[in-house]
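Please work through the following exercises with the sequence and the structure side by side, and try each task before you read its solution.

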Amino acid sequence: MADLELNGLRRRFGTVTALDDLTFSVPSGHVVGFLGPNGAGKTTTMRAIFGLTDLDAGSVRWRGVPVGSAQRRRFGYMPEERGLYPNMQVAEEIEYLGRLHGMDGASAAAATQQWLERLEVADRARSKVESLSHGNQQRVQLAAALVHEPELLVLDEPLAGLDPTGIDAIGAVLLEQARSGRCVLFSSHQLDLVENLCESVAIIDHGRLVASGTVDGLATSGARRLTVRVEGDREGAWARVLPGVTLSEVDGGEVRLVLADGTDSDVVLDAARVAGHVTQFVFERRRLSEVFREAVGR
Amino acid sequence: MKAYTPFVIGGVVLVVLLRLRLRQRGRSRSSPPLGRHGWRRGRSLLGDTGLVAGREIRERVRGRVFRVVTIILFVVVAAAVVIPTIHTSSTKPTTVGVVAGSATLDTELHQLATSVGLSTTLVQEPDLGAARAALAAGRLDVVVDAQGTIVVREPVSATDTSAPARYVRALSTTLGAQRAFAQAGLTPAQAAAVAKAKPLPVESIQPGKKARTTSEATALLGVILVFIFLTQYLTWTLMGVMEEKASRVVEVLLATVRPIQLLAGKVIGIGVVALLQAVALVAFALVLAKAVGSSLVEGSAPVVVVATLVWLVLGYAFYSWLYAAAGSLAERQDQVQSLALPLSTPLIFGYIVSLTGVSSGNASLLVKVLAYLPPTAPFAMPTLVGFGEATWWEFLLSMLICAACTVAVALVGARIYRTAVLRTGSRVRLRDLVPKLTP
């Protein structure tokens, strides 16, 4: 069941339509990638979840309830343009943000220490934020979003500009959060990373949802492609008579098939088995980047 | 008693507000627990505002600027209190050696000393030679020989206005005149009558400048301090809001805190720092004044001090919302300057008119009018109190006008802030916000 539901979000800035009847939902327990070309409306959507931009229409609901300040206290947010007081000490700043989310002083201090250690920046706890490297500031920003154990984590480009170690560290935290039952939504342009990290994605363009679903589902969706090898039928004669199946290529005994919408792959498998011993039956996956380009038409 | 009345009323209002707050806290304590372990329970509006204010206070007080400015202010105030007393109170008695004196002469010497603000100790010397020796040895400050000689250690300049110099000149003139009276054959009674002659009063057809009273001097100091405080702390508010916007931390904060809570927390936090610094400064000034015998603690001067503090708070409360709203329109230093100028104009106008009023010794009609306008009242009303020209109800009326206008300004300021603080990029223009500001 989806915990975060965005229903019919509309937002115009002058003549620009940022969100155009955007509807999608995010389940807990998954890392959900939020994708779209620049200017598609990702940041506006994330800001709308936190009430940081007014909506012309639509609603944001959390577990069936319209999101208000009480719900937002249990959300964690990492904005695209990082936001921390540059002159404050790292630990004090995270504690402060924890307390603003409703924690008492002692719990905020303990959680801060725990997160700084987990993100390997505990040695900079007393440093001013502005003295940290970009990567470490990113880790501190993530700690600030996590300190109060949020039920929903919304991260705008959390992996941008990070080195591979940083990406691994933050990626591991996101997966861990999702595995512990939290709802994790993050945007990124690094589609290979998203493919590795996310169970599902939502792709938007011009403020509208253009594709969504599990990464596996999207990679195998659309015109499905199958590669089948049947002993004794190197030319794929068994497949040529199947309705809803187009034989696109025969290459050294490997028969490439394109299945029309509604064609059941199990029927294809059964037909292959009748024709002979099936030694290969593989769905060809599309890369997420292919799915993305196809969805946004660029 | 009349002058203290507004402060009594203010105290009562404060006590009532505190009691209400305590009752509210009691209620929130008794409310059922809402959160799990480690979470605050029964959150109130003041909870988040208090946290924001607390951060402001901590960060501001820790800052180097605050420490440096505090030290400078304390040094300046100490100088303002102590230096005038050094000039006026040579508390050490002047020791006068008298040769061939008489009871009449002794009385004369004491009276002249009192007239220039000195106390004297008279020492009878056997002869002029012994007296000169004692003067040279530093045991005496001046020698008066009834035969007609006055001896001092160093020549007395005609332009020296110190009390000992004036004493010596008075001795010379008075004793010289008495000597002339005696030589003219006047009896002691006649000589005394002539000596008591008073100069004829000179009348002017235009009113003259009266001497500045202690409370006026205190008002002068107060107006200057209110201007310094308002300028400093309002700039902090403006820059603080702008920095939160520029660093984008405002987006993280507003994801969990309402704009009015963030704004109020900042305004209250910086206001508390300003008030604490001002109260500490005033307490220091009063204690120091008492210790060195300054006139700052005399007469109605303490009333002026309290009135100044009250108007510092009211002035900050009125302007802070405007400065915060202005800060939310900008995100760069160069954008701030064009915003600060129109806001500081009434502040500077009120300051200059009041300062001129205090310096001239007369409360002009303009000052009396400005005392009821919230942008200028923080300077003009303490000035009127310094002149003793504000009754308690006039003071209270001006306070009420200011409080009502502050509420209106706060509502508009909060609306501007809420709409503008999340708009990044170029400077937000007020006319862009108009459609958003109209309900």
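Two residues are in contact when heavy atoms of theirs lie within 4.5 Å. This is a predicted model, in which local features need pLDDT of at least 70 and side-chain atom pairs count only at pLDDT 80 or more, while totals for chains, interfaces and linings use all residues. Residues are numbered from 1 along each chain as its sequence is written, chains are lettered from A and ligands numbered from 1 in the order in which they are written, and side-chain values use heavy atoms, with hydrogens and water left out.

**Exercise 1. Describe how chain B and chain A meet.**

Step 1: Begin with the residues, where 26 of chain B are in contact with 33 of chain A.

Step 2: Turn to the area. The size of an interface is often given as the accessible area lost when the parts come together. Buried area is defined here as the accessible area (1.4 Å probe) that two parts lose on being put together, summed over both. For chain B and chain A this amounts to about 2,900 Å², and 51% of it is on carbon and sulfur atoms.

Step 3: Consider the charged pairs. A salt bridge is a side-chain nitrogen of Lys or Arg within 4 Å of a carboxyl oxygen of Asp or Glu, and five of them are counted between chain B and chain A. One of these pairs A:D54 with B:R418, at 3.4 Å from N to O.

Step 4: Find the elements involved. Helices (H or I, at least four residues) and strands (E, at least two) are DSSP runs, numbered from the N terminus. On the side of chain B that touches chain A, the elements giving two or more residues are α2 (45-62) and α9 (249-254) of chain B, and the largest share, six residues, comes from α2(B).

**Exercise 2. Examine the salt bridge between B:E251 and A:R47, and say where its partners lie.**

Step 1: The side chains of B:E251 and A:R47 meet at 3.1 Å, N to O.

Step 2: B:E251 belongs to helix α9 of chain B and A:R47 to helix α1 (residues 42-49) of chain A, so this pair joins two chains.

Step 3: To judge exposure, use the rule that buried means under 20% relative accessible area, exposed over 50%, and partly exposed in between (1.4 Å probe, protein chains only). B:E251 counts as buried because its relative accessibility is 8%, and A:R47 is buried as well, at 15%.

**Exercise 3. Where do A:R63 and A:E157 lie, and are they buried or partly exposed?**

Step 1: A:R63 is not a glycine, although its phi is positive, at about 50°. A:R63 lies in the loop between β4 (57-62) and β5 (65-66) of chain A, and A:R63 is partly exposed because its relative accessible area is 39%.

Step 2: A:E157, also a residue other than glycine, has a positive phi near 55°. A:E157 is in the loop between β7 (152-156) and α6 (164-179) of chain A, and A:E157 counts as buried at 9% relative accessibility.
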